[in-house]
Amino acid sequence: MKNIKSGNMRIRLILLSLFFVLSACDENSKLNPKAEALTIDTEVRRFDIAFAETTPDNLSALKSKYPTLFPDQVPDSLWVIKMQSDLQKEINSEVQKEFPDFNEETERIEHFFKYAKFYFPDYKIPTVYTLAEEVNYRRKLVLTEDALLISLDNYLGSQHKFYEGLAKYIALQQDKEFLISDIAEAFIKQKLNSKRSRTFLSDMINHGKILYLKDLLMPFESDHAKIYYSEEQLKWAKENETEIWSFFVERNLIYSTDKRLEDRFINLAPYSKFYLELDNESSPRIGQYIGWQIVRAYMNKYPNTNIKELLELESDVIFKKSKYKP
């Protein structure tokens, strides 16, 4: 009996080890060796800490060190008021608790920049500035030609007290798990052609292009992070993809120009609005997910399509040639 038990235990350990090896292989298969081989030197400047440690007497020295972050139209008196604000002091404290250093995040950002540089060789890597601001989820970061400004107060975790007044579906995204996705989205939107038709299909595929580029630019991050889902929401979308597509087709929504479809299936919301009993259980922004799968289907059929070509392709061309059928 003892030998049988120990034998079973060995088999379980072998199977468990095999599972982890296969999982690791699957993850590594998504990586691009040429992008991985690039060397990127990212400069990260912790302005949040510098500002928290500065007194009104030293403000001019801070402005000299970080001239980019002090617009001429903002008088020093406003910076002093902010510096002495109890709320700002609390924000500074909470940010430094969550980010005593920025090493792990710097590695992830550098990882993203490797892929950005690989696919867009002329891209100039910006200087990264970390900020502690007023907790504005609509403005979590700003990416310009020379700078990436990240408001760390928007990445403290969905359960943080600062987000108690936010709807749960918004608070979910206030987590550093989504940091690279936010950076990638800002980067990709700078590359997208803003001209598109007014159809629901065009909206879906426009977001599908963004998500597919995230596949390329951040293969080291999870799919649920790319689309701002929880793991459960991504699972629901995968399991119900066929029924969702049938719903869109049967109700002639694909080429509809009804703007209300954006709020129902594309825009930020707690769930998708099919106007059925299952709505509360559904994953939000399901139109984005379907658009993602259409673009993936197209690229599986035409893998030699480069990024520039993909971005310029009309949504209807992508859809028809993809032969999408979940």
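1. The accessible surface of the protein chain is about 18,100 Å², and carbon and sulfur atoms hold 51% of it (Shrake-Rupley method, 1.4 Å probe; for residues, only the protein chains shown count as cover).

2. This is a predicted model, in which local features need pLDDT of at least 70 and side-chain atom pairs count only at pLDDT 80 or more, while totals for chains, interfaces and linings use all residues. Residues are numbered from 1 along each chain as its sequence is written, and side-chain values use heavy atoms, with hydrogens and water left out.

3. The protein chain contains 17 helices and 4 strands (DSSP runs numbered from the N terminus: helices are H or I, at least four residues; strands are E, at least two). Its C-alpha trace spans about 70 × 65 × 45 Å along the principal axes.

4. Of the 326 residues in the protein chain, 48% are buried (under 20% relative accessible area, 1.4 Å probe, protein chains only).

5. Helix α15 covers residues 286–301. From first C-alpha to last, its 16 residues reach 23 Å, close to the expected 22 Å (1.5 Å times one less than the number of residues). Helix α15 is mostly covered, with 13 of the 16 residues buried.

6. Helix α9 (residues 179–191) packs against helix α10 (residues 200–217) at about 120 degrees, and their axes lie 10 Å apart (lines fitted to C-alpha atoms over the stretch in contact, with angles from 0 to 180 degrees between N-to-C directions). Residues in contact (heavy atoms within 4.5 Å) include Phe187 and Ile188 of α9 and Ile210 and Leu213 of α10.

Conventions: Buried means under 20% relative accessible area, exposed over 50%, partly exposed in between (1.4 Å probe, protein chains only).
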